[in-house]
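Hi there,

Here is the structure I promised to pass on. Have a look at it first, and then read on for my notes.

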Amino acid sequence: MPPATLPDPWSDVLGSDLEPRRREEVLAAFADVLAEIEKLRALDLTDVHPCIIFEPTAPYRLPEGS
Amino acid sequence: MELWQTPIPTLARRIRAGKLSPVALAEHCLERIHRLDPKLQAFIHVSDTVLTQAAKAEEDIRAGRWKGPLHGIPVAIKDNYFTADMPTTVGTTSPGFSYPLRDSAAAGRLRAAGALLIGKTRTHEFAWGNVTPPSRNPWDLDRVPSGSSGGSGSAVAAGLCPAGMGSDTGGSIRMPASVCGTVGLKPTFGRVSRDGIVPHSWSLDHPGPLTRTVADTAVLMQVLAGYDPRDPACQDRPVPNYTAALGKPVKGLRVGVCRNHFFERNDTDVEAAVEQAISDLAAAGATIREFEIPRLQYGLAAIFAIELASSTAYHDMSLKAGRVKHYTPDVRTLVEMGRFVTAPDYLKAEQIRTLLMQDFAHAFASVDVIVGPTMPITAWKCGEWTVKVEDRDESVLSASWRFTFPYNLTGLPAISVPCGFDRRGLPIGLQIAGRPFDEATVLRVAHAYEQSHEWKDRTPPIAH
C-alpha cells in the first residue's frame, strides 16, 4: 500500500527547509557544482573502495577521561 | 636587517644568548600590530598576556630553562584554534556559538615549547572561503590576502609577528601564503593534531604554519608534528629532524611536473615565474620528470561533494535553528547547498579520491617531489568575484584553489614558497608537494630554491 501522501523531496527526503525563493537562489549557485558532480555520477567506480576506513580500535586509543 | 625581518633561528640564537629580550621582541611586535593592523585588519584579538608570557620566558631562559628555538618567539593563532587565554570566534558574529577557553593541541604544543601566543588572526567565517574579510593584503591594501587563513598570511607578510598558524581544507594555508608572499606548509593529513580546531570538513582539514622563511617553518613543524590520540586521524610515527633536512642541495633529486591540470590555465606572469623556477631547479642539478594525472578532472567534483556535505553536517543544528541567516551570505549559501549533495555523490567522491591517491602514489614512484604553481592567479581586488585567467572570466572560487585542493584530497604534504612577482608587483607562489610524511624532502627543496633566490628579501612597502 503506498502512503496517502508522498514525502516531500526537499524537506523530507533531502532535509532542506529552505523557502521556495531561497531554494531557487541556492540551486542557482549549486548549478556549477552539480555540473562537476555529474561527471562523477557518469563514472563506473563499482570496484573501487571509497577512501573511508572503518577503524574499530580508535576509541581504545583515547586517554582516560577524554 | 630589522628585527621584524629576522628569521626565527637567528632570533632564537640571540634570545638564548641573552642578546635579545623576549619582552623587547614582544613589544616590537605589539608596536607593529598597533601601528599597522588598523590598515591590515589581520588580528581579531591581541593577547593581553603576551608581555607576561614574554617576561616568564625571559626569566626561564636566564635561569637556564631554555625550551628550544621557539622559546620567546611570538606566534599568532588562527581564530579557529581554541586557546586558553583568548576567545575563539571562527570569524562569525552569528549568535548561538561559544567555544571553550582551552588550548587546542597545536596551541598547547607551541606554548609548551615557549612560544608567545600573541593574538588570534582573522579567518574567513568558519574557515569556509578564500577572502577573509576585512583583512587586507600588505602588498596592496585594495586586494585580498586570500583565505581562509588570510589574517595569518597578512600578519606574517607585514612583519607583525614571525609566524602564524593556519588551517587548510582546500588551500587555506597555501593560498594566503601565495598571494601574501610568505611560506605556508600544509603537512600530511595526520602529521599535526586537529584537536581543538573547529572542524570544517573532517577528512580535509590540515593545521599548519605560515612563516617568512622555510627554516622558520621547519622550526615550527618540529614542535607541531607528533601523535595525539585525541585526533582520530593523527598517526603515531617518528618525527624527523626537519631542520637537518635544510641546506642539502637538490642535485640528484627527481622533480615531477604534472603537466595537465596544473598548467592548463594560468595567468601569464604566474606561468612564466613557475616555468623559470622549474628551469632553476634543473640548473641546480635536479632531474625534471613530466607526467600527467588525467583523473584530476574529477577532483573539483570530489572536493565539492566532500567539503559541502561535511560542512552542512557540521552546521546541521544551525540550519535547523535558523542561525545560518546570521552567517555571511557566501558562507550561508555554501552551508545550505550541502543538502543537495547526495550520499552516493559523497561516496563516489571518496571513491575517486582513492584513485587519485593511487595516481599520485604511482607518480611518486619515480619522483621525489612534484612542483607547480600554488595558484593560477595573484591577489585579486576586494569585492571581485570573477577574475580573468588567459582571457577567460572565471569565478574566484573555482580558480583560486584549483592547484591546492588535489593535495587536500590526497592528504599529501605541500608547501607554497615565493617564486616571483607579477607585473603589478604582487607575489607568486611555487607549490612543492611530497610523499606522505615526507615533509623533510619538501622542506629541503623549498629551502634550496628559497636560498638561491632573493624573493624572501622583498617586503611589502607597508611593512617599512
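In which loop of chain B does B:Glu390 lie? The answer is the loop between strand S10 (386–389) and strand S11 (392–395) of chain B. Please keep in mind that this is a predicted model. B:Glu390 has a positive phi of about 50 degrees although it is not a glycine. With 12 other C-beta atoms within 10 Å, the residue B:Glu390 is exposed, since a residue counts as exposed at 12 or fewer.

B:Phe126 is buried, however, with 25 other C-beta atoms within 10 Å. You will find B:Phe126 in the loop between S3 and H5 of chain B.

The peptide bond from B:Pro133 to B:Pro134 is cis, its omega being near 0 degrees, and B:Pro134 belongs to the loop between S3 and helix H5 (150–157) of chain B. The bond from B:Gly147 to B:Ser148 is cis as well, with omega near 10 degrees, and B:Ser148 also sits in the loop between S3 and H5 of chain B.

Now to the sheet. Chain B has an open sheet of eleven strands with mixed pairing, in the order S1-S3-S2-S4-S6-S5-S12-S13-S9-S7-S8. Strand S1 (43–46) and strand S8 (287–291) of chain B are at the edges with a single partner strand each, so one side of each has no neighbour in the sheet. From one strand to the next, the twist averages 30 degrees.

On one hand, S2(B) runs parallel to strand S3 (residues 116–121) of chain B, joined by five bridges, and B:Ala76 stands opposite B:Gly119 in S3(B). On the other hand, S2(B) pairs with strand S4 (residues 163–168) of chain B in the parallel sense over two bridges, where B:Ala76 is opposite B:Gly164 in S4(B).

S4(B) then pairs with strand S6 (residues 206–211) of chain B over six bridges, in the antiparallel sense. In that pair, B:Gly166 stands opposite B:Gly208 in S6(B).

Helix H4 (residues 105–112) of chain B goes with these strands. Together, S2(B), H4(B) and S3(B) make a right-handed β-α-β unit. H4(B) lies across S2, S3, S4 and S6 of chain B and runs at about 150 degrees to S3(B).

Is helix H7 (residues 214–224) of chain B mostly covered or mostly open? H7(B) is mostly covered, with eleven of its eleven residues buried. Among them are B:Asp216, B:Thr217 and B:Gln222, along with B:Val214 and B:Leu220. After H7(B) comes B:Gly226, whose phi is positive, near 145 degrees.

B:Lys251 lies in the loop between H7 and strand S7 (254–258) of chain B. B:Lys251 counts as exposed because it has 11 C-beta neighbours inside 10 Å. Leaving aside residues up to four places away in sequence, B:Lys251 touches B:Ala284, B:Gly285 and B:Ala286. B:Lys251 and B:Lys456 are 205 residues apart in sequence and 22 Å apart in space, C-alpha to C-alpha.

Finally, the partner chain. Chain A has two helices and zero strands. Its radius of gyration is 20 Å, well over the 11 Å that the globule rule gives for 66 residues, so chain A is more spread out than a compact globule. The C-alpha trace of chain A spans about 50 × 35 × 30 Å along its principal axes, and buried residues make up 9% of the 66 residues in chain A.

Where the chains meet, 25 residues of chain B are in contact with 25 residues of chain A. On chain B, helix H9 (299–314), helix H11 (329–337) and helix H12 (343–364) each supply at least two residues of the side that touches chain A. H12(B) gives the most, with eleven residues. That side of chain B divides into 15 nonpolar, three polar and seven charged residues.

Best wishes

Definitions and conventions:
Residues are numbered from 1 along each chain as its sequence is written. Chains are lettered from A and ligands numbered from 1 in the order in which they are written. This is a predicted model: local features need pLDDT of at least 70, side-chain atom pairs count only at pLDDT 80 or more; totals for chains, interfaces and linings use all residues. A residue is buried if 20 or more other C-beta atoms lie within 10 Å of its own, exposed if 12 or fewer, and partly exposed in between; C-beta atoms are placed from the backbone. Helices (H or I, at least four residues) and strands (E, at least two) are DSSP runs, numbered from the N terminus. Two residues are in contact if their C-beta atoms, placed from the backbone, lie within 7 Å. Ala, Val, Leu, Ile, Met, Phe, Trp, Tyr, Cys and Pro count as nonpolar, Asp, Glu, Lys and Arg as charged, and the others, Gly among them, as polar. Two strands pair if DSSP finds at least two bridges between them. A crossover is right-handed if, with the strands pointing away from the viewer, the path from the first strand over the helix to the second runs clockwise. Axes are lines fitted to C-alpha atoms, for helices over the stretch in contact, and angles run from 0 to 180 degrees between N-to-C directions. The radius of gyration is taken over C-alpha atoms; the globule rule is 2.2 Å times the number of residues to the power 0.38.
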